[in-house]
Amino acid sequence: AFHNNLGNALKAQGRLDDADDSYRRALALNPGYLEAHYNRALLLQAQGRLDQAVESYAKVLAHKPDHAEAHNNLGNALQAQGKLDQALAAYSQALRYRPDFADAHSNAGNVLRALGNADAAIASYAHALTHRANHPEALHNLSIVLLEQGKLDEAAAASRRALALKPDY
């Protein structure tokens, strides 16, 4: 636990390579230490080392298949790699274990939109907003899909709500 906690502290200080060393030490001492795998996966993803992040998430999920956050973050890594079908499957798994996971609904909406399924994307954003009404990303992305569909009044309303929550949009 010490090396994992040290890794978290180093990451918070911006010392990412040192944090990775600490997570790897924790895993060398205990290869099944899921929290260290998860924290390392988050770090690797933040560094853009997506293949390694995907591997780390897979290790977490092999031992704890109901880890909704790991499924969601795995989906984000896969989406960043352009593996949209796999990303959508990861988000679906996250939602299987945590149906009220607003971020996973919103992220699934982004993939569905990228796959050209606007209606399903809108439904995903609506689910996200059902579970977290003040979800600026879901509102922003919903406004884009509505705008693409020519639903200007609805798009403007979603944009206004998003901007009220996150003025830098």
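Helix 5 and helix 7 are among the elements that cover the buried residues of helix 6. This is a predicted model. The protein chain holds 10 helices and 0 strands. Of its 169 residues, 41% are buried.

**Overall build**

- From the N terminus on, the elements run α-α-α-α-α-α-α-α-α-α.
- The C-alpha atoms fill a box of roughly 55 × 30 × 25 Å, taken along the principal axes.
- The protein chain exposes about 8,600 Å². Carbon and sulfur atoms supply 52% of that area.
- Take the contacts between residues at least 6 apart in sequence. Of these, 41% join residues at least 24 apart.

- Helix 6 has 14 residues, which should span 20 Å at 1.5 Å a residue. Its end C-alpha atoms are 20 Å apart, so the span agrees.
- Which residues of helix 6 are buried? They are Ala87, Ala90, Tyr91, Ala94 and Leu95.
- Seen down the axis of helix 6, the buried residues fall within an arc of 140 degrees, so they line one face.
- An α-helix has 3.6 residues a turn, so residues three or four places apart point the same way.
- The face turned away from the buried side carries the exposed residues Asp85 and Arg96.

**Nonpolar cores**

- The largest nonpolar core has 18 residues. Tyr57, Ala70, Leu74 and Leu78 have the most contacts inside it.
- Five elements are named as giving two or more residues to this core: helix 3 (34-46), helix 4 (50-63), helix 5 (68-80), helix 6 (84-97) and helix 7 (102-114).
- Helix 4 gives the largest share of this core, 6 residues.
- What does tyrosine 57 touch, not counting residues up to four places away in sequence? Its partners are Tyr38, Ala41, Leu42, Gln45, Ala70, Asn73 and Leu74.

- Serine 22 sits in helix 2 (residues 16-29).
- Serine 22 has a relative accessible area of 1%, so it counts as buried. The cut-off for buried is under 20%.
- Leaving aside neighbours within four places in sequence, serine 22 is in contact with His3, Leu6, Gly7 and Leu10.
- Histidine 37 belongs to helix 3.
- Is histidine 37 buried or exposed? Histidine 37 is buried, because its relative accessible area is 7%.
- Leaving aside neighbours within four places in sequence, histidine 37 is in contact with Leu27, Pro31, Ser56, Lys59 and Val60.

**Salt bridges**

- Side chains of opposite charge can pair when their charged atoms come close.
- How many salt bridges are there? The count comes to 11.
- Aspartate 20 and arginine 49 meet through their side chains in a salt bridge, at 3.5 Å from N to O.
- This pair links distant parts of the chain, 29 residues apart. Aspartate 20 is in helix 2, and arginine 49 is in the loop between helix 3 and helix 4.
- Aspartate 20 is buried, with a relative accessible area of 4%. Arginine 49 is partly exposed, at 26%.
- Aspartate 66 pairs with lysine 64, and their closest N and O atoms are 3.1 Å apart.
- Aspartate 66 has a relative accessible area of 39%, so it is partly exposed. Lysine 64 is partly exposed as well, at 34%.
- Arginine 113 forms a salt bridge with glutamate 148, with the closest N and O atoms 2.7 Å apart.
- Arginine 113 lies in helix 7 and glutamate 148 in helix 9 (residues 136-148), so the pair ties together parts that are 35 residues apart in sequence.
- Arginine 113 is partly exposed, at 31% relative accessibility. Glutamate 148 is exposed, with a relative accessible area of 54%.

How values were computed
Residues numbered from 1 in each chain as written. Predicted model: local features only at pLDDT ≥ 70, side-chain atom pairs only at ≥ 80, totals over all residues. Heavy atoms only, no water. Helix = DSSP H or I, 4+ residues; strand = E, 2+ residues; numbered from the N terminus. Buried < 20%, exposed > 50% of the residue type's maximum accessible area, 1.4 Å probe, protein only. Contact = heavy atoms within 4.5 Å. Core = buried A, V, L, I, M, F, W, Y, C linked by side-chain atoms within 4.5 Å. Expected span 1.5 Å × (residues − 1). Arc of directions from axis to C-beta. Areas by Shrake-Rupley, 256 points an atom, 1.4 Å probe, with all protein chains shown as cover. Salt bridge = Lys/Arg side-chain N within 4 Å of Asp/Glu carboxyl O.
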